[in-house]
Amino acid sequence: MAITKGPLCGIRILDMSQAHAGPFGTMLLGDLGAEIIKIESPLGDILRYGEKEVNPINYYVLTLNRNKKGIVLDLGSEKGKKAFYDLVKKSDVVFSNFRADVPKRQGSDFETLKEINPNIIRCNISGYGPTGPYVKYPSFDIIACGHSGILSLSGEPDRPPVIPGGIAMADMMGGIFAVLSILAALISRDKDGKGVKAEVNLLDSLILMQKVLFQNYFASGNLPGLQGRRHHMMQTYGVHDTKDGYMTIGPGSEDKLVELVGLDWMFKDPKFDNMMNRILNAEEFREHFANALKKKNTDEWVNIFRDENDIPSGPVLSYEQVANDPQVEHNNMIIEMEIKGQKYKTIGPVFKMENELEGDPEPAPDLGQHTKEVLMDILNYSDEQIQQVEAENEAGVERLMNRNLKRVKR
């Protein structure tokens, strides 16, 4: 594809995933140079919302599926299943984000695929794991956020929990841990030549991200509760109001901060003269500190704290400000791509490897855009064989729509 040089060039991945977690993971693998073949049903990824062509309005598909060849296979049909198995023979990894019981029913589980290709790596992201009491339950990002405890941390005390950061945290962490599992599996396979079964789930991924707070709970028995805008130990750490907006302050010299905001009288007050006393009188200290910060603008405080005194701090930026930030621009994190003659901006690859990565990302494919190309170039299918696969794909549309309709009526 468009990445002409990368550490994963030469690795072929069959991407059966849809929605967010799986496509995010394979996008990262594609950014590292892997050849990603996105296999969709005749109805397409659920986030296509019935649209066959990619466009900038359909931002989910556009964002998560760059550097992928898109093909359609009806795995419920004879020819579609055969084409899938033929691709497995010529691939390194099969990746999906199904409920744990789906791969076995579909015939895409590791035990089945290793009989076709003993070197295959099979990775699946599920909601709860491959076994256990919840194995058949449906799960999406927000379900995992609730079940893992992370929603019990997200928000202000005495108010309802909020979506953490407003982002799909479980999906993205699941995708990242799946990528780590696949990279580890590739190294393992290089050592012994054997295929690997890798399982990742959203619940475990988010529990791991809370490791420090869980450790504190195990040690103290105290529930962390909604975390709000402040750290429970470092009184100045967190998100603060300023005269014209908000700013962040990280770990740094608390005494120096107290001095810089004009609260040096505290050094003579036994309630605030050291860090421990400020913790014991946290509510009153925070009120004084908050009032002091409201006397200057965000940029003024950042200049005083960060630029002049090397105290970690910064502004809270809007998307518009981030998109025009000089460091973001320098890091080349916002790039311009083109689809069907229409240019659009998008977030660029995060990987920076000097002399190891070359090429530019390509936009996400239309539904089935590369079906003929893949079947012809990789599998050497004849025109007749390709036509048979495509005919079964067309027949599968009505069958799958009827199946989905029956599920809705249950």
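Biologist: Why is Asn 58 called buried?

Modeller: Asn 58 has a relative accessibility of 10%. Buried means under 20% relative accessible area, exposed means over 50%, and partly exposed lies in between, with a 1.4 Å probe and protein chains only. Asn 58 therefore counts as buried. Before we go on, please note that this is a predicted model, in which local features need pLDDT of at least 70 and side-chain atom pairs count only at pLDDT 80 or more, while totals for chains, interfaces and linings use all residues. Residues are numbered from 1 along each chain as its sequence is written, and side-chain values use heavy atoms, with hydrogens and water left out.

Biologist: Where is Asn 58 found, and what is Asn 58 in contact with?

Modeller: Asn 58 is in the loop between E3 and helix H2 (59–64). Helices (H or I, at least four residues) and strands (E, at least two) are DSSP runs, numbered from the N terminus. Contact means heavy atoms within 4.5 Å. Leaving aside neighbours within four places in sequence, Asn 58 touches Leu 47, Arg 48 and Glu 51.

Biologist: How many helices and strands are there in the protein chain, and what share of its residues count as buried?

Modeller: The protein chain has 17 helices and 13 strands. Of its 410 residues, 44% count as buried. The C-alpha trace spans about 90 × 50 × 50 Å along its principal axes.

Biologist: What makes helix H1 largely enclosed by the rest of the structure?

Modeller: Count the buried residues: they are 11 of the 11 in H1 (residues 21–31), so the helix is largely enclosed by the rest of the structure. Among them are Phe 24, Met 27 and Asp 31. After H1 comes Gly 33, with a positive phi near 105 degrees.

Biologist: Why are H1 and H7 called oblique to each other?

Modeller: Two packed helices are described by the angle between their axes and the distance between the axes. Axes are lines fitted to C-alpha atoms, for helices over the stretch in contact, and angles run from 0 to 180 degrees between N-to-C directions. For H1 and helix H7 (residues 169–192) the angle is about 45 degrees, and the axes are 8 Å apart. Angles under 35 degrees count as roughly parallel, over 145 as roughly antiparallel, 65 to 115 as roughly perpendicular and the rest as oblique. H1 and H7 are therefore oblique. Their contact includes Phe 24 and Leu 28 in H1, and Ile 176 and Val 179 in H7. By class, this contact has nine nonpolar, two polar and one charged residues. Here Ala, Val, Leu, Ile, Met, Phe, Trp, Tyr, Cys and Pro count as nonpolar, Asp, Glu, Lys and Arg as charged, and the others, Gly among them, as polar.

Biologist: What are the distance and angle for H6 and H8?

Modeller: The axes of H6 (residues 141–148) and H8 (residues 202–209) come within 9 Å and cross at roughly 50 degrees. That makes H6 oblique to H8. The residues that meet include Ala 144 and Cys 145 in H6, and Leu 203 and Leu 206 in H8.

Biologist: What makes E4 and E7 the edges of their sheet?

Modeller: Two strands pair if DSSP finds at least two bridges between them. Six strands form this open sheet, in the order E4-E3-E2-E5-E6-E7, with parallel pairing. Strand E4 (68–72) and strand E7 (196–201) each have a single partner strand, so one side of each is left without a neighbour in the sheet. Neighbouring strands are turned by 20 degrees against each other on average, direction ignored.

Biologist: How do you know that E3 pairs with E4?

Modeller: Five bridges join strand E3 (residues 35–40) to E4, and the two run parallel. Ile 37 stands opposite Lys 69 in E4.

Biologist: How do E11 and E12 run, parallel or antiparallel?

Modeller: E11 and strand E12 (residues 342–347) run antiparallel, joined by six bridges. Strand E11 (residues 334–339) has a covered face of Ile 335, Met 337 and Ile 339, while its uncovered face has Ile 334, Glu 336 and Glu 338.
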